[in-house]
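Student: Hi! Could we look through this structure together? I'm new to reading these.

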Amino acid sequence: MIFDGSCNLCHGAVRFIVRRDRRQHFKFASIQSETAQRLLARRGINVDLKELSSFYLLREQEVLAQSEAALAVASQLDGLWPLLRMLKVLPRGLRDWGYRQIANRRYRLFGRRACALPSEVDRARFIG
């Protein structure tokens, strides 16, 4: 999972996922890292770091972004979070519009931060 390393909302989401992903499906990289940029470039995605509006979920054969990525992550979490898959009944355009409304205001609503280091326990789940 590639996330905005300078976003408080994104950091909170990563902490949320780490706590609810006991089977450790996900590894994480800040989009500002060389590793993330390299992983995205290999898949033909060039991200303008000044215009970040999504996080990316990289799978072997696909790259998911916006609401598709969020729902795919939720479907792998412990607890009732996989029930969010029901939102797939909504048209993707509508889901992505809602996603963008939050993404475009995230710095204003939640602020920016410097990339925080993960705990010793979680460090192995972060790449780059």
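Student: Which residues lie nearest the centre of the largest pocket?

Tutor: Those are Ala13, Phe55, Ala70, Leu71 and Tyr99, among the 28 residues that line the largest pocket. On a 1 Å grid over the protein atoms alone, a pocket is an open set of points where a 1.4 Å probe fits, with protein on both sides within 12 Å along at least five of seven lines, and lining residues have an atom within 4 Å of a point. Before we go on, this is a predicted model, where local features need pLDDT of at least 70 and side-chain atom pairs count only at pLDDT 80 or more, while totals for chains, interfaces and linings use all residues. Residues are numbered from 1 along each chain as its sequence is written, and side-chain values use heavy atoms, with hydrogens and water left out.

Student: What's pLDDT, and what does the chain average?

Tutor: pLDDT is the predictor's confidence in each residue, from 0 to 100. The protein chain averages 86, and 87% of the residues score at least 70. Where pLDDT is low, the predicted coordinates should not be read in detail.

Student: Which element has the lowest mean?

Tutor: Helix 5 (residues 106-110), at 85, whereas helix 3 (residues 66-74) has the highest, at 95. Helices (H or I, at least four residues) and strands (E, at least two) are DSSP runs, numbered from the N terminus.

Student: Back to the largest pocket: which helix gives the most to its lining?

Tutor: Helix 1 does, with six residues. Helix 1 (8-20), helix 3 and helix 4 (92-103) each supply at least two.

Student: And how much space lies in that largest pocket?

Tutor: About 760 Å³. A volume here is the space filled by probe spheres set on the grid points, which are joined across faces, edges and corners.

Student: What classes of residue make up the lining of the largest pocket?

Tutor: There are 22 nonpolar, three polar and three charged residues. Ala, Val, Leu, Ile, Met, Phe, Trp, Tyr, Cys and Pro count as nonpolar, Asp, Glu, Lys and Arg as charged, and the others, Gly among them, as polar.

Student: What about the second largest pocket, what volume does it have?

Tutor: The second largest pocket has about 230 Å³. Its lining has 13 residues, with Met1, His25, Lys27, Leu57 and Leu58 nearest the centre. By class, that lining holds nine nonpolar, two polar and two charged residues.

Student: Is cysteine 7 buried or exposed?

Tutor: Buried, at 0% relative accessibility. Buried means under 20% relative accessible area, exposed over 50%, and partly exposed in between (1.4 Å probe, protein chains only). Cysteine 10 is buried too, at 14%.

Student: Where is valine 14 found?

Tutor: In helix 1. Valine 14 is buried at 4%. Leaving aside neighbours within four places in sequence, valine 14 is in contact (heavy atoms within 4.5 Å) with Met1, Phe3, Phe28 and Phe126.

Student: Last one: what is phi of glutamine 24 near?

Tutor: Near 55°, a positive value in a residue other than glycine. Glutamine 24 lies in the loop between helix 1 and strand 2 (29-30), and counts as exposed at 51%. Glutamine 66 also has a positive phi, near 50°, but glutamine 66 is in helix 3 and is buried at 15%.
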